[in-house]
Amino acid sequence: MNNRLRLAIQKSGRLSDDTIDLLSACGINISRPDRKLRALSEHFNLELLFLRDDDIPGYVADGVADAGIVGENVIFEKNKPVETLERLGFAKCRLSIALPKATPYASVADLNNLHIATSYPGLLGRFFEKNGVQASIHEISGSVEIAPGIGLADGICDIVSSGSTLISNGLREVEVVVQSEAVLIASETLTIEKRSRLEKLRFRMQSVLKARQHRYILMNVPTKSLPEVIRILPGMKSPTVMPLATEGWSSVHSVIPENTFWDVIEQLKGIGAEGMLVVPIEKMVL
Ligand code: ATP
Ligand code: ZN
C-alpha cells in the first residue's frame with residue numbers, strides 16, 4: 001500500500017507563497033517546473049495536490065487528499081467533516097458584513113430585510129440564523145465589494161484584512177462574522193501509517209511556527225544586576241550567563257516571545273543592559 005502522504009494546497013492565490021515557504025522551512029522543497037497539478041517532494045515522502053482553495057475541504061473530507069492547508073473561512077463555509085490540526089499563523093483575515101457609509105447601523109436588527117451580496121452564503125446564512133435576522137443573501141463569486149455601488153445589494157459580507165478595500169468602496173464594516181487564518185487540516189479516515197507521517201509533518205510545522213514567534217537575545221549586563229535581569233526575562237529555562245573579559249560584566253543569552261519583545265527590551269535597558277543583539281530563530285524543538 002502506498003503510504004505517501006497527499007497534501008492539498010492552494011494552486012495560486014493568497015495562501016500559496018506562505019504555504020510553500022512554510023513547507024520549505026520544514027525541509028520540504030517542491031519542484032513544480034511545468035505547473036502540474038501534482039508534484040512530489042524530494043525530501044519528505046509527500047505528494048502535493050494543487051487545487052482551488054474552495055475544493056480543499058471536500059478533497060480532504062472525501063479522503064482524496066490526506067491533509068490540506070486552507071483558510072478557516074473556507075472550512076467553515078464548506079462545513080465538511082475534517083479535523084483541524086494546527087493554526088498556521090498566516091492569511092489572517094476576517095469575514096465581515098459591511099454597509100454603505102450612509103446606511104444607519106446600531107445593531108444586527110438593522111440587517112433585517114436587507115439584500116447582502118457574498119461568496120460565503122453558508123457562513124452568512126448561519127450568522128443570520130443565530131442572530132435572528134431575516135435578510136436575503138445574494139451569492140456572487142467575485143468583486144463582491146462593488147455590489148452596493150452598482151445597486152446589486154444593500155451590503156456585502158466579504159473577507160477583510162486592513163479594511164482599505166471597504167473604505168475605497170464607500171463601505172463600513174458593521175459585524176465580524178468569523179475570524180480566520182490558514183490551518184492544517186486532516187482527513188478523519190487516515191490509516192495509522194499516514195497519521196504518523198502527518199504527525200511528523202505537524203511536528204516540523206510546530207517547530208517552525210514556535211521559532212517565528214520567538215527571538216534569541218544576547219546582551220551585556222552589569223553582573224550585579226543579574227538577579228533582576230533573570231527576573232525580567234521570560235525564559236524557557238533560566239538564561240545562559242557567561243562572564244565577560246571586562247570585570248563586573250556578564251553576557252546573557254535568552255529566548256523571548258516576540259509579543260513581549262519591546263517591553264522586555266525596555267526593562268532590560270532600564271537596568272543597564274548594553275550591546276543587545278536580537279536574532280531570528282530558525283527552528284525551536286522543545
Ligand atoms: P482560488 O482561486 O483558489 O479559489 P480565491 O480567489 O478564492 O482563490 P484568495 O483570494 O487567493 O482566494 O484567498 C485565499 C484565502 O486567503 C482566503 O480564503 C482567506 O483565507 C485568505 N485571505 C483572503 N484575503 C485575504 C487578505 N486580504 N488578507 C489575508 N488573508 C486573506
Ligand atoms: Zn477560492
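Biologist: How many disulfides does the structure hold?

Modeller: The structure, which is a predicted model, holds zero disulfides. Cys 157, for instance, is in no disulfide, and the nearest cysteine sulfur, that of Cys 93, is 12 Å away.

Biologist: Is Cys 157 buried or exposed?

Modeller: Cys 157 has 0% relative accessibility and therefore counts as buried, since the cut-off for that class is under 20%. Cys 26 is also counted as buried, at 4% relative accessibility.

Biologist: Changing topic, how many helices and strands does the chain have?

Modeller: There are eight helices and 15 strands in the chain. The radius of gyration is 24 Å, whereas the globule rule gives 19 Å for 286 residues, so the chain is more spread out than a compact globule. Along the principal axes, the C-alpha trace spans about 75 × 60 × 35 Å.

Biologist: And what share of the residues is buried?

Modeller: Buried residues make up 44% of the 286 in the chain. Of the contacts with a separation of 6 or more, 69% are between residues 24 or more positions apart. The chain exposes about 15100 Å², of which carbon and sulfur atoms supply 50%.

Biologist: What about charged side chains, how many are positive and how many negative?

Modeller: The chain has 32 positive and 34 negative side chains, with the centres of the two sets 4 Å apart.

Biologist: One more thing, on the backbone: what is the phi of Ala 91?

Modeller: Ala 91 has a positive phi of about 55 degrees although it is not a glycine. Most residues other than glycine have a negative phi. Ala 91 sits in the loop between strand E5 (83-87) and strand E6 (93-100), and is partly exposed, with a relative accessible area of 27%.

Biologist: And Asn 113, what phi does that one have, and where does it lie?

Modeller: Asn 113 likewise has a positive phi, about 70 degrees, without being a glycine. Asn 113 lies in the loop between E6 and strand E7 (115-118), and with a relative accessible area of 65% Asn 113 is exposed.

Definitions and conventions. Residues are numbered from 1 along each chain as its sequence is written. Chains are lettered from A and ligands numbered from 1 in the order in which they are written. This is a predicted model: local features need pLDDT of at least 70, side-chain atom pairs count only at pLDDT 80 or more; totals for chains, interfaces and linings use all residues. Side-chain values use heavy atoms; hydrogens and water are left out. Helices (H or I, at least four residues) and strands (E, at least two) are DSSP runs, numbered from the N terminus. The radius of gyration is taken over C-alpha atoms; the globule rule is 2.2 Å times the number of residues to the power 0.38. Buried means under 20% relative accessible area, exposed over 50%, partly exposed in between (1.4 Å probe, protein chains only). Contact means heavy atoms within 4.5 Å. Accessible areas come from the Shrake-Rupley method with a 1.4 Å probe; for residues, only the protein chains shown count as cover. Lys and Arg count as positive and Asp and Glu as negative; His and the chain ends are not counted. The place of a charge is taken as NZ of Lys, CZ of Arg, CG of Asp or CD of Glu. A disulfide is a pair of cysteine sulfur atoms within 2.5 Å.
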